[in-house]
Amino acid sequence: MTSPVRFERHDDVLVIISDSPPVNALGAAVRDGLKEGVSQGINDPAVKAMVIRCDGKTFFAGADITEFGKPPKGASLHEVIDMMDSSEKPIVAAIHGTALGGGCEVALACHYRVAVPSAVMGLPEVKLGLLPGAGGTQRLPRIVGVKAALEMVAIGDPIPAKKAAEVGLVDRVVGEDSLEADAIAFAREIADKKPIPRVRDKTVAPDPEAVEEFKKKHGRRMRGFDAPAANIACVVAASELPFDEGMKFEREQFMKLMTGTQSAAQRHLFFAERQAAKIDDVDPKTPLRPINKVGVIGAGTMGGGISMNFLSAGIPVTIVEMQQEALDRGTGVMRKNYEASAAKGRIKPDAPEKAMGLLTPTLKLEDLADCDLIIEAVYENMDVKKELFTKLDAIAKPGAIIATNTSYLNVDEIAAVTKRPEDVVGMHFFSPANVMRLLEVVRGEKTAKDVLATVMALAKKIKKVAVVAGVCHGFIGNRMLSPRQIEANKLLMEGATPQQIDKVHVEFGMPMGPFQMADLAGVDIGWHRDPSRIESIRDALAAEGRWGQKKGAGYYDYDEKRNATPSPRALEIIEEFRAKSNLPKREITDQEIVERTLYTMVNEGALILEEGKAQRASDVDVVWIMGYGWPVYRGGPMFWAQNEVGLKKIVEGLEKHGFKVAESLKTAAETGAALK
Ligand code: TC6
């Protein structure tokens, strides 16, 4: 096999070039090639300096994640990096694209770094439940100091070339289109400079204050994750230990993370996210329909949020409401949201004006006639949607995609009122739609393949992670929410408290439990609004005006800052309702809550897969992580069930409580096969 790494001599400079698409990941062949190149440079008396660069869209984007967990092959990254570091001839990293993870560590082991202005550098291993285990945690602080290093390794966001130059990570920012020539010229400039600067020879002062401040600032975000603490400990070690001892410490920490379940879960998510974009029976080369203008119907929270996604991506939006007042209110909220983001520095100061300038508010549905995609976000009612789609069928131009944002309703039934069901699709956004990354793309029976392909591509453009779901009540996410909610309510009736059930979920790693979620969404949602008709605990709470956070009272009591405390009155209401049912009250264990609220979700997920309503188990995981806050470090419900709990235990738990277990789950538990 030919090596992906080639060497080119430019007089006294040897240029070592990796060409390993798509992202020049540092797999075995690349590492072997690098080792060969550096060793040639070292041994060839005519070579005075070396440049390492990559072809294609990026400098090395990291270690090859597909190799993790497999037996090692070829030269190790450590071996290559050590060889580079100790070379008596200077090596220059010439960076474009994304120098990430192991790629950034290769650059750190070079003696100099030059980068084009559009390049970024970073150590995102923490996002994969790991740490930069090829010396990154020891070298980076020695260049940028403890404080900046903590942000880069324990949060993992990359920094642009200009910032990298400011903190000393990049020695020179070079021409965007002249990287190789500029890097060679730079190499000649420094070829005879002695001593060769090696990061390992530097020291960095401890900064306990910065460490404490960092932990305080990011504590909430890091809750439950193992990797951030290990990254922090390594940075501290870099400031306290000699380089070689620090490297030993880094190695130990790395191995712990690498063999743990959290990193396996986070790596699973990395590939699951990318896999979700692929539709099994749709050719990735399918020609897409052009989407240059989007129409959104409804300027409420949902419609406004949906519109913002397109505006932010530079796509003009026409937004329709029925009343001027609602239209003004809706567009006002959008503007305010943009301004708040600008004030926090999250977007450029002129971004709100730019985005709002692309918006056309109107009261006329007919104004959607020139839109390439129309998304309705109106009241969740089949008759309302059918009436609207009948009108849209008459208004929309031929070839326009017509989408519904329904979260439960039958997309086929909605499509059937039009003469073009092939152009109809579900686009289920999650609230707040401008923030949440998940998009469930609901594939109707007749949805055309190019419509699906177009919507999936558009999702990427507006920075969403799209997952294809089939038509069923609640699609993937909400359908799985349903058994959890049913069981949580039953558990209340049997003697558990909202606090106990929520605590189990929060300790598991969810942002909130079922009753905290009900209070946030509104206890009155879906309520029949008849205070004399009390058929559930929820009815009883709603009848007393306990509609959740917005009323300061729901399953919990809230202060003006919306801090929750257990509510004696809510508990009384629950008790009264329970007493009427004659159900015996009993002690409920936390384990029973897990089995009945979480194992049942896994069961529902298996049914969804059996029915072909999701393409693959990993898609179910993506939905629950991106849309509902399932903890990333548990890899999603299906990953958790298979890799952390074990399917046998899941099946036993379900059977113990009398649930009907999905056949596919039983078979997979018996045979040890993976859920597909
Ligand atoms: C590390 O370095 C640890 C070091 C310790 C050493 C001891 N490996 O994201 P895209 C694939 S950990 C293998 O769609 P983009 C990806 O699966 C690593 N494969 O493209 C996809 O394949 P598909 C630290 C990889 O332009 C294809 O490349 N590095 C890797 O939107 C295209 O990817 C990171 O965490 C990899 N490292 O974004 C960086 N990376 O086409 C991870 C990508 O078959 N990568 N692939 O589906 C990224 O963040 C992004 O891929 C990107 C490019 C920004 C580099």
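**Figure 1. Glu494 in helix α17 of the predicted model.** Glu494 belongs to helix α17, which spans residues 477-494; the structure shown here and in the other views is a predicted model. With a relative accessible area of 16%, Glu494 is buried, because a residue counts as buried under 20%. Beyond its neighbours within four places in sequence, Glu494 is in contact with Arg578, Pro584, Lys585, Arg586, Ile588, Glu592 and Arg596. According to UniProt, in an unreviewed entry, residues 474-558 form the feature "domain: 3-hydroxyacyl-CoA dehydrogenase C-terminal". The chain over residues 474-558 is 52% helix and 4% strand, and the C-alpha atoms at its ends are 30 Å apart.

**Figure 2. Met517 in helix α19.** Helix α19 covers residues 514-521 and includes Met517. Is Met517 buried, partly exposed or exposed? Its relative accessible area is 29%, so Met517 is partly exposed. When residues up to four places away in sequence are not counted, Met517 touches Leu481, Arg484 and Met512. Between Met517 and Asp502 there are 9.1 Å in space, C-alpha to C-alpha, and the two are 15 residues apart in sequence.

**Figure 3. The largest nonpolar core.** In soluble globular proteins, nonpolar side chains tend to be buried together. The largest nonpolar core of this model has 92 residues. Ile476, Tyr555, Trp630, Trp640, Ile650 and Leu665 have the most contacts inside this core. Helix α22, residues 590-610, gives the most to the core, with nine residues. Ile650 touches Tyr599, Val602, Trp640, Ala641, Val645 and Leu665, residues up to four places away in sequence not being counted. Another core, of 73 residues, lies apart from the largest one; Ile17, Ala119, Leu123 and Ala149 are among its members.

Figure 4. Which residues of helix α25 (residues 647-656) are buried? They are Leu647, Ile650, Val651, Gly653 and Leu654. These residues cover an arc of only 160° around the axis and therefore lie on the same side of α25. On the other side of the helix, Lys648, Glu652 and Lys656 are exposed. The buried residues of α25 pack against three helices: α22, α24 (637-645) and α26 (663-671). Just after α25, Gly658 takes a positive phi of about 80°.

**Figure 5. Glu595 and its polar contact with Lys656.** Glu595 is found in helix α22 and is buried, with a relative accessible area of 6%. The side chains of Glu595 and Lys656 are joined by a polar contact of 3.1 Å. Lys656 itself is exposed, in α25. Leaving aside neighbours within four places in sequence, the residues in contact with Glu595 are Thr600, Gly653, Lys656 and His657.

**Figure 6. Surroundings of the ligand.** How many residues surround the ligand? There are 26, and the closest are Lys57, Ala63, Gly102, Arg274 and Lys278. Lys57 has a polar side-chain atom 2.7 Å from an oxygen atom of the ligand. Gly102 places a backbone N or O atom 2.8 Å from an oxygen atom of the ligand. For Ile65, a backbone N or O atom lies 2.9 Å from a nitrogen atom of the ligand.

**Figure 7. Two cis peptide bonds.** Most residues other than glycine have a negative phi, and most peptide bonds are trans. The peptide bond from Pro21 to Pro22, however, is cis, with omega near 0°. Pro22 is placed in the loop between β2 (13-18) and α1 (28-43). Lys194 and Pro195 are also joined by a cis peptide bond, with omega about -5°. Pro195 is in the loop between α6 (179-190) and α7 (208-222).

Figure 8. Phe475 is not a glycine, yet its phi is positive, near 55°. The loop between β17 (465-470) and α17 contains Phe475, which counts as buried because its relative accessibility is 0%. Arg562 likewise is not a glycine and has a positive phi, of about 65°. Its position is in the loop between β18 (556-558) and β19 (564-566). Arg562 is partly exposed, with a relative accessible area of 45%.

Methods
Residues numbered from 1 in each chain as written. Predicted model: local features only at pLDDT ≥ 70, side-chain atom pairs only at ≥ 80, totals over all residues. Heavy atoms only, no water. Core = buried A, V, L, I, M, F, W, Y, C linked by side-chain atoms within 4.5 Å. Buried < 20%, exposed > 50% of the residue type's maximum accessible area, 1.4 Å probe, protein only. Contact = heavy atoms within 4.5 Å. Arc of directions from axis to C-beta. Near = heavy atom within 4 Å. Polar contact = N/O pair within 3.5 Å; in protein donor to acceptor, adjacent residues only side chain to side chain. UniProt positions renumbered as here; feature names shortened; annotations may be inferred.
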